[in-house]
Amino acid sequence: MLRVLRPGGKLYVRVFTVNDFRRGKGTVTEPNTFVRRGIGTHYFTEQEVRELLSGVKVEAWKLDTWNVKYGGKDYKRQELGVLLQK
């Protein structure tokens, strides 16, 4: 995505964090990456995102946490949203 972004262009990225309740479900393919129902999902640490975005201007950083209920039980969801400028 960054390769094709023009200088000065902006990009909003939203990723699942390691604190999302679905982390650990499915088959491990690499650390923090799981395949479940044929879909591979990586769960990021904040440090990992910072390292991946080094050299790019981060304009906004927002951690969203909320609860969902399945089968009468509460589960924690968490995503990290980052607004970048190249």
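**View 1. Pairing of strands E3 and E4.** Val-35 has Gly-40 as its bridge partner in E4. The structure shown is a predicted model. Strand E3 and strand E4 (residues 39–42) run antiparallel and are joined by four bridges. Phe-34 is placed opposite Thr-41 of E4. Two residues lie between the strands in the E3 and E4 hairpin, where Arg-37 adopts a positive phi near 55 degrees.

**View 2. Pairing of strands E2 and E3.** Three bridges connect E2 with strand E3 (residues 33–36) in the antiparallel sense. Glu-30 finds its bridge partner, Thr-33, in E3. A hairpin is formed by E2 and E3, with two residues between them. In the turn of this hairpin, Asn-32 has a positive phi of about 65 degrees.

**View 3. The open sheet E2-E3-E4.** The three strands form an open sheet in the order E2-E3-E4, with antiparallel pairing. E2 and E4 are the edge strands, each of which pairs on one side only. On average, neighbouring strands of this sheet are turned by 30 degrees against each other, direction ignored. Strands of a sheet pair through backbone hydrogen bonds, in either a parallel or an antiparallel manner.

View 4. Thr-17 belongs to the loop between strand E1 (10–16) and strand E2 (27–30). Its relative accessibility is 4%, and Thr-17 therefore counts as buried, the cut-off being under 20%. When neighbours within four places in sequence are left aside, Thr-17 is in contact with Tyr-43, Phe-44, Leu-63, Gln-78, Glu-79 and Leu-80.

Key: Residues numbered from 1 in each chain as written. Predicted model: local features only at pLDDT ≥ 70, side-chain atom pairs only at ≥ 80, totals over all residues. Heavy atoms only, no water. Buried < 20%, exposed > 50% of the residue type's maximum accessible area, 1.4 Å probe, protein only. Contact = heavy atoms within 4.5 Å. Pairing = 2+ DSSP bridges. Axes fitted to C-alpha atoms, helices over the stretch in contact; angles between N-to-C directions.
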